[in-house]
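Subject: Structure handover

Hello,

Here is the structure we talked about passing on.

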Number of protein chains: 2
Amino acid sequence: MSNTDLQSDLKSLVPLFKPESIAIIGASSNPAKPSGQPLVALTQCGFKGHVYPVNPNYRTLLGLHCYPSLTDIPGPVDLCIIAVPARMTLTALEECAAKGVRGVIIFTSGFAEVGNEGAIIQQQMTALARKTGMRICGPNCMGIFSAQNALMANFAVTELPDKVLVPDYLGFISQSGGFGVAIYEMIKEKGYGFSHFVSTGNEANLEFSHYLGYMAADNKTRVIGGYLEGLKDGQKFLQAADMALANNKPVMLMKAGRYPASAKAAASHTGALVGSEKVYSAVFKQKGIIRIDNLEEFLNMLSIMHSGKIPCGKRIAILATSGGSGVMLADKCAHYGLDVVPLQEETRLALAALLPDFASTANPVDITSAIITQPGLLEQCAQIVIKDPGVDMMIVAYWTEFGNRSILNQMIRVEQSTNKPVFNLIWGPEKAAQEAMHYMNNNLIPAGREVDFIIKSMATLAEYHIFVQSRKETTMLGPEIPINAREKAAVLLNNLGPGTRLSEHTAKQVLRAYGIPTTREQLATTMEEALAAAETIGYPVVMKIESPDILHKTDAGGVLLNIRTPEEVTTGLHQLLNNARVYKADADIKGVLVQQMLPDNGIEMIVGISKDSTFGSTVLVGLGGIFVEALEDVALRVAPVSPLDAQEMLSELKGQRVLDGLRGRLPADKQALLDIIQRLSRLAVDFPQIAELDINPLIVFPKGEGACAADALIAME
Amino acid sequence: MSNTDLQSDLKSLVPLFKPESIAIIGASSNPAKPSGQPLVALTQCGFKGHVYPVNPNYRTLLGLHCYPSLTDIPGPVDLCIIAVPARMTLTALEECAAKGVRGVIIFTSGFAEVGNEGAIIQQQMTALARKTGMRICGPNCMGIFSAQNALMANFAVTELPDKVLVPDYLGFISQSGGFGVAIYEMIKEKGYGFSHFVSTGNEANLEFSHYLGYMAADNKTRVIGGYLEGLKDGQKFLQAADMALANNKPVMLMKAGRYPASAKAAASHTGALVGSEKVYSAVFKQKGIIRIDNLEEFLNMLSIMHSGKIPCGKRIAILATSGGSGVMLADKCAHYGLDVVPLQEETRLALAALLPDFASTANPVDITSAIITQPGLLEQCAQIVIKDPGVDMMIVAYWTEFGNRSILNQMIRVEQSTNKPVFNLIWGPEKAAQEAMHYMNNNLIPAGREVDFIIKSMATLAEYHIFVQSRKETTMLGPEIPINAREKAAVLLNNLGPGTRLSEHTAKQVLRAYGIPTTREQLATTMEEALAAAETIGYPVVMKIESPDILHKTDAGGVLLNIRTPEEVTTGLHQLLNNARVYKADADIKGVLVQQMLPDNGIEMIVGISKDSTFGSTVLVGLGGIFVEALEDVALRVAPVSPLDAQEMLSELKGQRVLDGLRGRLPADKQALLDIIQRLSRLAVDFPQIAELDINPLIVFPKGEGACAADALIAME
């Protein structure tokens, strides 16, 4: 599916976000009930379109004419909210279809999340939506809030926020209603305005990714946030993420279910399959999605970004009023990957002119308690430091006293005079600090008490910016794939039965079609062929048994290394056939693979393709050998893998230093390795039916000498 | 130095903490100045002893007779505070010595922290203290506060706290004055009482460890906290930590300077050398010291422990009022190493009887919004869950509304009815949540908003408890060291020049003396000896050049493996001598080492001894090979290493799974490895002059087959 697909899909979401007429099936006037809340809120908060309560038990509701059924409504209905018991829901949905409604929100629970019977009804909803093109949000959801048109089509956000300091800021999508509302409340309280808030429920029709795409395209949304347990269609998510990236909209997601315990909990919560944490984590890196670990960091990031600020690099300056807190902050900055850079000479001289002798003008700058006796000192120092061209952002830590605005006002002026992020770390007795943070918050100045959350959020934004820039600036070309690669491979890969495993020999032919170097080798079916092959390839050679019935050749005594003479080929062949017979008497022996013996100056790597049930084909790379098996040190990305992605995969490996040449070894040919990763990516895209492909080992030789697949295996879906 | 040393030392601290008379040299009555603050506070806060201001410029101060000099004071003086300019400080200290003062606190700055000149004066202070036995706190410190006797001998804590909910709780030691006071204020505000607060300053005489030992022995202190940049004497610290452990007092330290950037900052802050982060981190693990990563966690731990509660294991139950927040909490618990265990059948049935159908009785328990409609439901459920015998602790997450006490009171009753820790995670609008937390805090109930800090603090306490229990319960015996090991090794190790490096052959003799198996080997100086040695050892053998001038034998072509016949011995010997000549023409060749060739079914490890400048000899272990070099996967402990320490070292290795037998390999002989670690520990204790000892590789064979040092090296200090 191409981007255009999701984009054209998105038009169909308009009735859910910008309806001109809304019907509520099962409406009531009770503001404490899901059936009453939207009716009350829609009529009281300024929604401009038509609102039609539908309920056979009432003539009027809140002064509006109440219709016995949907068909009784005279005009067209864009959006319909269904708030009837589970057993009546499907009928109501069918009425919507009959009426030509294009968008439906189903509050009702009791479907896929409660068991099989409910799942079947939910499937019928899905089928009906697909047949009619009608779009469904839910079931088992809290609905949609959209600020622009006061669309209160939900039972979570029931009034417009009274304080919006930053309008048209955040769109939020939640796979948990209750938790989503809790997040909504905390963000709203800070004064950050929501463009839209969506509770997605069971996603019978519209999925998380649809809303993500809609908000990526929506010009009233600047930042997108979400709580995610699991995706139904990973490819759609990738498209939506690409749209957000193209439109310069940060996507910040809390993804639950990292560990078995929580994955199980998620499954019993919304029936969501949380998928592979490894793959999700890779996708987030690949698409520049900011992973939210906790709400405090989320709020911190929002507090930095609302004015368009973002750290342009990782260089941070620290200003503190005590030496110890400066040291502690430097620790935290280093911990989260920020650079506590030396300040420029000019900066230090300017600081020295202001500060007492026992202060420190190094980074961290220790202003000392002189801050108390010299009014305006903090502002002066902060202005000097933030102007240092070697600094991308600043954190300023100080003690506050209740109601004392002087220092706070100094810092407000500093923040407003620069386009670099400045974060205030406010120490002090709780009441005083709370009051100070409240003041700063109302002035939209980033301020907090939790060192870890503050510094991590700054580091995360810096990484995000670096990611975005790298995607804009880099125009690296991938390797040239042989023009007929696909055709050649198709001969070998198409028309195979499900679960087929290709022999090493065939698998390597596929690799060679895509320009991936493999050992020189020949399949020999007679002694003469074996001897001739060894001669052609050149001694020493490797000999391997070739049989679809023997997958683990080493275990079967099916591999002989370092065969140096024709005599050894002769005895070797007998030995291999013998071993095969012992291992599996009726094995179908295709012959013996005579293979080039690779020099031992290379590094063993593992590269391959693996199919993920959510995102499709992924490409992976790791260091070979037993230690890596112990450490699970593997990096992966979803195909297609860009040249930059491939580089980031390598730099993600814990053992990456091995490639740089440890203990006097020569650095490895990283370029050859990167090249192979991208060739595999193309292969994966061309043949999504490959379930697994392993090159193990891939031998990577010293720089300039290339790499070579020593063994390979392909398994089809 | 034995424990008794530190303990007898501690008596000398009594004048600093329990003086009956205090003189203040340079006293003033200005409560805004360090010279005035203690005088004001001592006279106003109820200190019972004598207070003597000393200042030639006043006749009286605050109604007290003011003495022109210390010698004019008629009675004895236990403690003297010096608050005079730097140039007058040494003279004042000499007067203290002359007067027979036993404890001195020097506020004055301008010594080692400002440069060489100051450092020289500070050394004179140290010398004077050593000569007279007088004890000094500081210089460049904020002094000592001790609650018990209202000892306000400082300029940080200038009044007694007005709210002490938990008296006689925490002793705190800080290597940063300003930051220490900030921490003090935050803790005080929660109502946790300090027994003592010490700002240690430059530690010219008394060190961090002295205060730690004092508080470990003090019966008014239950928990010890501190901010630490670097220790002068690591051994003293180990003793103090042992005392705290023996007295069941948790020690919770914030250790700064983990990274180069912060280490540099610490050096310019107090001139503290932060030491090796690796070694500090090992020492903390070895002594059960709780490392504080941030103040919020510290406060959380204090809020759990004050009533004597501590999680007895890692099994946590989660109660939440929304499915999503339960999933998120399960994620966090797993992340921090807690077990989100299944609840017992009985517990689940009891919950099911109370909860609606769509709630979840699994762990995390999702109580759902039924909490709103069923008053008392939360308390009932929480009581059921916390009684589950499979649960060690509980976290309960709920939404709060301003001023609504009902749920809070329910949770107070739950907390008070159990001796298992229960933490309240309070969601809600900030004002409401703050108010709720304040209420809980005043009732001494653990409550907070920051999920990460809460769960990490619970996990940390569980680990601490498990550590303490393991030390109490385990009576594992270490290996028996040969009775004459020390004497045998002394012959080889004593009377060596500084920096001497022992040859492989000699180093292995030292190892064998301590019962560490090495390859069988003989040093041959003639061809005949070489042939005879190979015969005795048994073919195949390894041959290595033996020369003090050739340290990197492999690089010099000085190692031949797999010598299978007498002929190969003959050619090998020539080859080795030839290679040595080429490598270094004038090398002093001691002969050729003929060595047993070890079977290849073992795992290569590295074990050794390394001397740390702060803590002395450490023992280390890691997996061998190039990957570990890339990953720096090494565990270490300070000698002596207990059997339990050794086990924990192994389980700390990232690659530890290699030892358990990966990919069909046999599990390795861990016991042999543990045994060798402890033998090395004994060797390190017996010969502290060993700067470095490397066994690289140590080959560890499959279980039951032992281990063997294949190569070894010893370097003396």
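Predicted model: local features only at pLDDT ≥ 70, side-chain atom pairs only at ≥ 80, totals over all residues.

Interface. Between chain B and chain A, 66 residues of the one are in contact with 66 residues of the other. Of the interface residues of chain B, 100% are also interface residues in chain A, so the copies meet through the same surface. The two chains bury about 5,500 Å² between them, with 64% of it on carbon and sulfur atoms. As for polar terms, there are 23 residue pairs in polar contact between the chains, counting pairs with both residues at pLDDT 80 or more. The count of salt bridges between chain B and chain A is 4. A salt bridge joins the side chains of B:Arg657 and A:Glu632, at 3.3 Å from N to O.

Domains. Chain A is assigned domain 1 (3-292), domain 2 (311-473), domain 3 (520-597) and domain 4 (603-716). In chain A, the C-alpha centres of domain 3 and domain 4 are 27 Å apart.

Core. The largest nonpolar core contains 238 residues, and A:Ile105, A:Phe237, B:Ile105 and B:Phe237 have the most contacts inside it. Leaving aside residues up to four places away in sequence, A:Ile105 touches several residues, including A:Leu16, A:Leu79, A:Ile82, A:Cys137, A:Ile144 and A:Ala153.

Regards

Terms used: Residues numbered from 1 in each chain as written. Chains lettered and ligands numbered in written order. Heavy atoms only, no water. Contact = heavy atoms within 4.5 Å. Core = buried A, V, L, I, M, F, W, Y, C linked by side-chain atoms within 4.5 Å. Buried < 20%, exposed > 50% of the residue type's maximum accessible area, 1.4 Å probe, protein only. Domains from an automatic or database assignment. Buried area = accessible area lost by both parts, 1.4 Å probe. Polar contact = N/O pair within 3.5 Å; in protein donor to acceptor, adjacent residues only side chain to side chain.
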